Amino acid sequence: MKKQQKKEEFFVEKQYVDGERYNCPLRLLNNTELEFWLDNPRFYETIRKEFDTDKITQEDIYTFYTSPKVSMQRDLLANIVNDGGVNERLIVQKNPETKKFTVIEGNTRLACIRQILAQDLIKDFPRDVEVMELPESLSKEKVTYIVGRYHIVGKKDWSSHESNAYVYRKYIEV
């Protein structure tokens, strides 16, 4: 007989970094408990230049993401609105200074969530967001490693042959 998994582990995702295992709880957090990652390498330099400052604010990040210049946010927003919700959880870590949860992975999704709520783009859109919480004890270097794993290593793209074959199979099934 299979050993039953402990109940608390059902709501935990494991992250492995440098041979160590970290248990990361899966939670629902109100979007107001979340903050953009001010040091996000994806947009830090762009926003700093855009606003001509080294002191980037939460509002600067939201304004940047929701501006017409950021096509990736518009595309993601359209997908979320079309789907009716966010399909991928955000990765957060508690900020001991602000007592909020910094979004380590998913800042574009957070901007979309806030824009949907502000503009009422989806009726009855939930204010709670699915997150995976990294331990507070996880060092900045290890957090950066995890982010790099998502963005630099990431999942491998399918070849054009594999993509086309998949689309064809789905087409003939319809």
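So, a salt bridge here is a side-chain nitrogen of Lys or Arg within 4 Å of a carboxyl oxygen of Asp or Glu. Counted by that rule, we get five salt bridges. Before I go through some of them, two quick notes on what you're looking at. This is a predicted model, where local features need pLDDT of at least 70 and side-chain atom pairs count only at pLDDT 80 or more, while totals for chains, interfaces and linings use all residues. Residues are numbered from 1 along each chain as its sequence is written, and side-chain values use heavy atoms, with hydrogens and water left out.

I'll be naming helices and strands, and those are DSSP runs numbered from the N terminus (helices are H or I with at least four residues, strands are E with at least two). I'll also say buried for under 20% relative accessible area, exposed for over 50%, and partly exposed in between, using a 1.4 Å probe and protein chains only.

Let's begin with lysine 142 and glutamate 20, whose side chains meet in a salt bridge at 3.1 Å, N to O. That pair links distant parts of the chain, 122 residues apart: lysine 142 is in helix H6, residues 140-153, and glutamate 20 is in strand E2, residues 20-30. Is lysine 142 buried or exposed? With a relative accessible area of 16%, lysine 142 is buried. Glutamate 20 has 40%, so that one is partly exposed.

Arginine 27 is partly exposed at 34% relative accessibility, and glutamate 133 is buried at 13%.

Back to helix H6 for another one. Lysine 140 forms a salt bridge with aspartate 39, where the closest N and O atoms are 3.9 Å apart. Here 101 residues separate the partners: lysine 140 sits in H6, and aspartate 39 in the loop between strand E3 (34-36) and helix H2 (44-51). Lysine 140 is exposed, with 55% relative accessible area, and aspartate 39 is partly exposed, with 42%.

What about disulfides? Taking a disulfide as a pair of cysteine sulfur atoms within 2.5 Å, the count comes to zero. Cysteine 24 is buried, at 0% relative accessibility, and cysteine 112 is buried at 0% too.

Now the sheet, where two strands pair if DSSP finds at least two bridges between them. Look at strand E4, residues 90-94, which is mostly covered: four of its five residues are buried. Which way do E4 and E6 run? They run parallel, joined by four bridges, and glutamine 93 stands opposite leucine 134 in E6. E4 is also joined by four bridges to strand E5, residues 101-105, and those two run antiparallel. Valine 92 has valine 103 in E5 as its bridge partner. The hairpin of E4 and E5 has six residues between the strands, and in that hairpin lysine 99 takes a positive phi near 65°.

One last stop: threonine 57, in the loop between H2 and helix H3 (58-65). Threonine 57 is partly exposed, at 35% relative accessible area. Its C-alpha is separated by 9.8 Å from that of isoleucine 47, 10 residues apart along the chain.
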